Amino acid sequence: MTDTARTARAGVPERPTLDGLEETWARRWQEEGAYAFDRSKQRSDVYAIDTPPPTVSGELHMGHVFSYTHTDTVARFQRMRGRTVFYPMGWDDNGLPTERRVQNVYGVRCDPSLPYDPGWRAPDAPVDDAARKNPTPISRRNFVELCETLTAADERAFEALWRRLGLSVDWSLTYTTIGRRARAASQRAFLRNLARGEAYQAEAPTLWDVGFATAVAQAELEDRERPGAYHRLRFAGPDGREVLIDTTRPELLPACVALVCHPDDERYADLVGAAARTPVFGVEVPVRAHPLADPAKGTGIAMVCTFGDLTDVTWWRELALETRAVIGRDGRLLPVPPAGVPAEPYAALAGQTVAGARRTIVELLADAGGLVGEPRPITHPVKFYEKGDRPLEIVTTRQWYLRNGGRDAALRGELLARGGELRWVPEHMRHRYEHWVAGLTGDWLVSRQRFFGVPVPVWYRLDDTGEPDLTHPLTPGEAALPVDPSSEPPPGYEEARRGRPGGFVGDPDVLDTWATSSLTPQIVGGWADDEDLFRRIFPMDLRPQGHDIIRTWLFSTVVRSHLEHGVLPWRDVVLSGWILDPDRKKMSKSKGNVTTPMGLLEQHGSDAVRYWAANGRPGMDLAFDPAQIRVGRRLATKLLNASRFALGLGAADALRAPCDNSSSARLTPRRDLELSATEPLDTAMLAELSTVVAAATAAFEAYDHTAALQATEAFFWRFCDDYIELVKERAYGSGPGADSARAALAAALSVQLRLFAPVLPFATEEVWSWWRYGSVHRSPWPTTYEVGRAVRGEGDPELLRLAGDALSQVRRAKSERKLSMRAEVPLAEALGPAALLDRLTLVADDLRAAGRIGKLDLLPDRTPELVVACAF
């Protein structure tokens with residue numbers, strides 16, 4: 001039978017192409033519910049994934065494609081292993097990034113004092129720079145509605161890209177972190193934390209982002225190198241002694257509350273317990289000792305200000321010092337000096353920005369003789385909010401905190417133990433978790449002074465003078481959640497009493513976005529809302545995420561689950577590395593070096609992009625490499641063409657019946673092959689394939705998709721370049737030899753399609769549809785037992801390599817003579833050890849046919865290794 005006739009009978013297209021496969025199969029998967037979660041399964045049959053909800057604040061980039069592809073390979077593998085996979089998708093749409101995007105796109109700003117305007121309409125976006133610099137003030141409710149409108153449009157675009165990429169998500173499980181279920185879950189968890197004493201309010205030094213006008217948590221900090229200068233100030237010690245202090249923040253001189261030196265520093269031992277006076281202001285401050293003072297830094301003695309940095313906070317707290325705050329929430333020096341600081345010299349600083357006050361105080365110091373020498377330029381790390389563009393200040397505010405072990409040694413130990421229970425991939429990432437937990441200096445600050453977020457669900461009674469009772473907050477019942485205290489009254493009150501003496505006021509703050517994201521297992525799992533679902537998926541199996549948010553998302557989720565449920569939220573965590581640009585720098589939107597993926601998906605095809613992504617192992621960074629994407633397209637194209645050729649050789653005829661995709665068939669392997677592989681070359685190929693199946697399975701079980709792909713791909717090219725070429729003449733024929741070849745081809749093609757399916761979902765589904773019923777992604781994962789059943793007798797995996805080596809030497813001889821690969825070889829001589837040539841005789845007929853060799857002579861013991869000499 002001719003090749004054309006066989007392929008036509010098998011339903012194979014004459015010219016297979018990758019183009020258009022994404023639209024075809026994405027639509028069919030959705031219509032057929034290929035990836036729908038089966039709620040009838042028990043927990044032991046479920047594989048649940050806590051999928052990261054990407055931040056909806058612009059476009060997805062290649063870093064997202066990289067990490068989400070890794071997760072999808074896991075989902076597809078587990079599904080083929082017979083598990084019903086709980087694979088949701090969420091959108092992280094509340095918080096500062098969304099607010100900033102709305103401000104920039106529409107040229108607006110939120111003013112909570114303004115009333116809601118139901119007739120207000122947003123300007124056409126995007127607006128020009130003038131509108132951004134002079135934003136239109138709108139009410140909080142109008143602002144929130146605008147955030148919701150923009151994120152809804154972004155989410156549709158994100159979903160379209162994920163579908164194009166081929167994520168096997170159950171889209172009926174989609175959620176948003178500002179959605180009703182998420183708000184209810186966040187507020188429920190917070191209220192339970194409050195009832196157990198795990199959530200509390202405190203007035204304390206707070207890291208403050210002046211640009212965003214909100215508090216920031218320790219986990220959201222990053223150091224950035226910035227230019228600065230050391231200024232040497234002259235303090236007046238006892239008996240006229242000069243005490244020199246080096247500081248990079250002379251503008252905080254009116255906030256100075258002490259000088260501190262190391263307890264073992266003999267230079268200042270006699271000063272400890274005494275006092276010194278500040279230059280310019282003449283305020284007396286105590287000299288104290290503390291082990292955090294560094295004798296080698298500057299002059300070895302430092303001024304403690306309230307507050308210049310986190311070390312100041314530590315000294316202030318542990319040494320029980322006074323508080324002299326001078327910087328307000330707007331980043332300017334307060335209009336009046338703190339108690340004990342003279343008003344006259346302070347007046348020159350009042351109302352100035354930090355930079356302006358620094359220049360002014362330097363002038364005042366120079367005029368008063370309090371400045372020694374010229375400022376010395378330096379570059380030093382400065383604390384920033386990770387999404388901000390101005391250095392953080394520390395101001396005293398009243399905030400909500402959640403206990404996380406930062407001030408509780410027992411809880412810290414419990415959370416460290418939870419990290420030890422978790423399976424980490426790669427294992428060394430465990431140390432980042434332990435380092436973070438061990439280094440916590442305070443509890444988790446969870447309140448934010450923003451607008452588009454989950455409201456803190458409490459109100460406060462107002463006394464007869466209109467002052468709020470902050471120590472006894474009013475709370476709603478869980479059945480009423482979610483609530484918005486800014487627009488709803490508390491139980492037992494009418495809205496008309498809002499803001500009036502004897503009435504109430506709502507807490508104006510929202511919860512930190514991580515306080516919601518830390519509950520993703522509970523939100524998507526229906527905690528306290530759909531208990532049947534929650535029992536089937538929680539604790540979950542996998543948390544995939546970036547290694548850079550171990551301290552935020554991973555740790556905070558462990559904290560919430562530990563406090564609420566007393567267990568880990570998942571069993572395994574797999575960490576992704578970063579995508580690097582050609583200069584080996586991390587790709588990020590803030591750096592402007594990102595590559596957006598849709599164009600690449602359209603140009604090269606999704607399988608090609610997924611191939612590139614799958615070449616990055618967990619925890620390892622990967623450079624963006626378009627050449628690797630082209631390699632992936634070549635592989636996917638070869639899979640189509642080689643499969644078409646194999647089916648044309650009669651592979652489909654070797655199957656008695658199409659694959660049964662029922663759940664029982666997935667759990668109980670069945671014998672689909674009518675014929676068995678009996679010829680040495682065929683059994684050798686299948687024996688090697690069996691080792692590939694074992695290696696790929698072990699790799700996927702270890703979350704090493706890269707090793708699974710590499711093992712499969714290496715075999716596939718040998719299968720195409722060597723086995724098919726060696727066997728095709730025999731497969732075209734008839735009789736037992738042809739039957740053996742077709743059986744081997746059928747088994748190998750079926751197995752390889754399933755091995756490639758997690759990485760190349762579109763090409764493998766396309767080929768599967770040519771000759772099998774159902775979906776390859778609902779078919780059972782191949783096993784060594786299955787491959788073994790296709791073989792009659794034992795196979796020698798090295799025999800295929802030997803035959804391939806011999807054939808490659810024949811091809812090389814033809815290439816060196818610039819002959820066609822179809823050229824006849826009148827005589828070929830095979831030289832090598834006798835035992836090796838004895839094995840070669842087992843495949844001699846296939847070698848002669850593939851190499852078009854007229855006569856093949858075997859000359860034993862002439863060379864130490866195989867040499868094939870051709871005579872033309």
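**Notes on loops, rings, cores and strands**

1. V280 is partly exposed, with a relative accessibility of 27%. Buried means under 20% relative accessible area, exposed means over 50%, and partly exposed lies in between, with a 1.4 Å probe and protein chains only. V280 sits in the loop between β12 (275-277) and β13 (284-289). Helices (H or I, at least four residues) and strands (E, at least two) are DSSP runs, numbered from the N terminus. The phi of V280 is positive, about 70°, although V280 is not a glycine.

2. A word on the basis. This is a predicted model, in which local features need pLDDT of at least 70 and side-chain atom pairs count only at pLDDT 80 or more, while totals for chains, interfaces and linings use all residues. Residues are numbered from 1 along each chain as its sequence is written, and side-chain values use heavy atoms, with hydrogens and water left out.

3. D239 also deserves a look. Its phi is near 60°, a positive value in a residue other than glycine. D239 lies in the loop between β9 (221-236) and β10 (242-247). Is D239 buried or exposed? It is exposed, at 84% relative accessible area. Most residues other than glycine have a negative phi, and most peptide bonds are trans.

4. Two peptide bonds are cis. One runs from T306 to F307, with omega near 5°. F307 belongs to the loop between β14 (301-305) and α8 (310-318). The other joins V425 and P426, with omega about -5°. P426 is placed in the loop between β17 and α12 (430-438).

5. Now the rings. How many aromatic pairs does the structure hold? It holds 25. Rings of Phe, Tyr and Trp (its six-membered ring) pair if their centres lie within 6.5 Å; planes under 30 degrees apart count as stacked, over 60 as edge-to-face and the rest as tilted. Both F307 and W316 are buried.

6. F719 and Y723 give a stacked pair. Why stacked? Because their ring centres are 5.7 Å apart and their planes stand at 20°. Both residues belong to helix α22 (residues 705-732), and being 4 residues apart, they are separated by about one helical turn. An α-helix has 3.6 residues a turn, so residues three or four places apart point the same way. F719 is buried, at 1% relative accessible area. Y723 is buried too, at 0%.

7. W29, Y35 and F762 form one aromatic cluster. The charged end of R28 sits over the ring of W25, 4.4 Å from its centre. The charged end of R141 sits over the ring of Y116, at 3.9 Å from the centre. (A charge sits over a ring if NZ of Lys or CZ of Arg is within 6 Å of the ring centre and within 35 degrees of the ring normal.)

8. Which residues touch the most other members of the largest nonpolar core? Of its 91 residues, they are M685, L686, F719, Y723, L745 and L840. The helix α22 gives the most to this core, with 12 residues. Another core lies apart from it, with 75 residues, among them V108, V144, L481 and L563. A nonpolar core is a set of buried Ala, Val, Leu, Ile, Met, Phe, Trp, Tyr and Cys residues joined through side-chain atoms within 4.5 Å.

9. Take L745 from that list. Leaving aside its neighbours within four places in sequence, L745 is in contact (heavy atoms within 4.5 Å) with residues including A646, L649, F719 and Y723.

10. Strand β24 (residues 570-576) is largely enclosed by the rest of the structure, because 6 of its 7 residues are buried. Strand β17 (residues 423-425) runs parallel to β24 and is joined to it by 3 bridges. Here V425 stands opposite V574. Strand β23 (residues 540-546) also pairs with β24 in the parallel sense, over 6 bridges. There L542 stands opposite D572. (Two strands pair if DSSP finds at least two bridges between them.)

11. Helix α18 (residues 606-614) is mostly covered: 9 of its 9 residues are buried. Among them are R610, Y611 and W612.
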